[in-house]
Amino acid sequence: MSTGLVVRNAELAGQPVGGLDHKELKPVIAAAAQQLASAKIEVTTPDGPLHTNAGEVGLIVDQSATIAHAIELGSQSSWWQRPLQWMQSFVTKRITPVIVSLDNTKLATVIAERDPTKRLEPVEPTISADNDGGIHAVKGVNGHGLDTATVQQAIAQAAKTGKSPLRVTLADVVLPPRFNLTDAEHLARTAETLMKTAVSVEAGETTATVPPSMLKRWASSTPTEQNLMLDLDDTKVMEDLAKLLDDAGTAPTDASFRVVGGVPVIIPGANGTKCCSPAAAERILQALMAPDRSKRVVKLPLQTAEPERSVADARAMGVVEQVATFTTRHPAKQPRVANIHRIADLVQGTIIEPGKRLSLNDLVGKRTIDAGFVPAGVIYEGAFTEDVGGGVSQFATTLFNAAFFAGLDIPEYQSHSIWLNRYPRGREATLSYPKPDLVIENTTPHAVLIWSTYDATSITVSLYSTRTVTGEQTGQTEGPSGACTRVTTERTRTWLEDNRTKVDRFRATYRPEEGVAC
C-alpha cells in the first residue's frame, strides 16, 4: 500500500526524488516539463535523419500521471516481495519515468512533410464507375515510410528520462491502407442502390435531370476514422453541372466604353451568376442519402460569375482618344437606311484588342428579318436587285475608311462591282453573307473602340485608341481591266514613335454599267 511518498533511492529526470511527497514532487516535474517543452528530437533512419522539436509534435509532460506513477513506484508488488525490494532500495537506484503525450495529428504532419525514407502514402480503396454502367470497388495500395504510431511510441519512450535532446532510431515499414477491398465492395453496392434513379436539380430558374449514368460517374469515397463513406468527385460534379445547367444564372457584364462629348468613358461591368457553387456536390450527396427523394428537387446554389474585362482591364487598353473618323451620306427614309442603322447599333462599342481581327460577318451574323433587317437594294454579280439587309455595305465602306485613315490593317475586303458616287472611288467595301467580308486587324499595341453614330442622312464611324500610327491616301491610279476599270489606291502609314513609313495599296474593279462583265 502506498505511503504517499516516493520510494527510497528513486530518481526522476536526473533528480533524486526518493522520499518526496506529492507537493514536493510538483516543482521537480514542472522543471522536467519546462526542459522537455523545448526539446529537440532526432529520428535516425537508414536514409537520413528527421529533425523536429517538442513544440512541432505537441509533446507535453503529463505532470499528474508522472507524479502518481512516482508515488506508486514499488507499492504495486506482492506483499512477499516488499521486504526484498525495501532492502534493495538502499543500494539500487530506481528510475521513475517522465510520462508524456504527443499530438498525433501534428506528429503525422511532420512525418508526412519530412520523412527521409522516400515516403509513399498508402492509397485507400475507393469506388468508381465502370464501362458497363455500374460501380466497382478499386483496391487500395500499400505505401511505405515511418509509421506514426511507432514514432510516437519511440519518442515517448525516449522522453521517460526527461533529458533533451530525444534521439530514436527507426526504419521505414510497409504502410497498409486502413480499409480493405471488402469495405470498398460494400460501399459500391450501397452506391449502386442510391444512384439507380435520376435526381432532379434546380439552379436559379433552370431545372435539369441528372441521370444515373452521370451520378455513377461522380461516385467516390472518403475514408473516415471508422469506415469508407460515400462521396462525390467535386471536380466531375462541377464539370458536368456546368454543362447540364449552362443557362443557369445571369451573364456578367464586361466593363465597356461609351463616347460622351467625343471622349471615351469607361462604364463599369457587373458580376453575374452561374452554376454552381462548390456546395452543389454536398447538396446532391445529401439528397442521395435521404430516405425518400422521389419527389424532391435539389436546389443548387449559384456562384458568382465575374466579368472577363474589369475596369482596370479597360483602363489598361489605352482607349483614350479619337484616332480616326469617317462619314458617308445617303438619302433619308429609304428601306436601306433601317439596315444601316441596325448594323451600326450592333457594332457600336465593339473592341478590337491588340493583335486581334474583327470579321464584320462573324460579329453581325447573317442579315435576317428576325435579326432586325429589312429587304432593300443590293448589287449581286453586277446586277441591281433586292435582299434582306441591303444597305449594310454603306456601313462597311464607312468602317473601311475609318480603319484606312487610322492606319489599321485591312486583310480582307472587296469593292462593289459597280461604283456608286456616294462612296469614295476605289476606297470602299461591299458586304454580303458569308462572303464577301470586311476584316480589320489591329496591329497596334492598344485596343481600338468602334463607335458608330448616325442621323437621317449620314452614318459616321469613329475609332478610339491611343494614336501610334496614321494613314493617308498618297496616290491613286486607274487603268483598264478588260471591259472594266481597275482603280489602285495608295496609302502611306506613318508610325509616330520613329516616323517610319510604309506604303500599301488597295484595289477596286468597277464594271461600266449593270450587266457588263469584265
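**Aromatic rings, and some loops**

Guide: Let's begin with the whole chain: of its contacts (heavy atoms within 4.5 Å) with a separation of 6 or more, 69% link residues 24 or more positions apart. This is a predicted model, with local features needing pLDDT of at least 70, side-chain atom pairs pLDDT 80 or more, and totals for chains, interfaces and linings using all residues. Numbering starts from 1 along each chain as its sequence is written, and side-chain values use heavy atoms, without hydrogens and water.

Along the principal axes, the C-alpha atoms of the protein chain fill a box of roughly 135 × 65 × 40 Å. Of the chain's 518 residues, 42% are buried (under 20% relative accessible area; exposed is over 50%, partly exposed in between, with a 1.4 Å probe and protein chains only).

Now to your rings. The structure holds 7 aromatic pairs (Phe, Tyr or Trp rings, Trp by its six-membered ring, with centres within 6.5 Å; planes under 30 degrees apart are stacked, over 60 edge-to-face, the rest tilted). One of them joins Phe 404 and Phe 405: their ring centres lie 5.0 Å apart with the planes at 75°, so this pair is edge-to-face.

Next, visit some loops. Another cis peptide bond runs from Cys 275 to Cys 276, with omega near -10°. Cys 276 sits in the loop that joins β19 (272-275) to α10 (279-289).

Two further loop residues have a positive phi without being glycine. Lys 118 has phi near 55° and is placed between α5 (104-114) and β8 (126-129). With 70% relative accessibility, Lys 118 is exposed. For Asn 499, phi is near 60°, and the loop is the one between β32 (484-495) and β33 (500-510). Asn 499 is exposed too, at 59% relative accessibility.

Definitions and conventions:
Helices (H or I, at least four residues) and strands (E, at least two) are DSSP runs, numbered from the N terminus.
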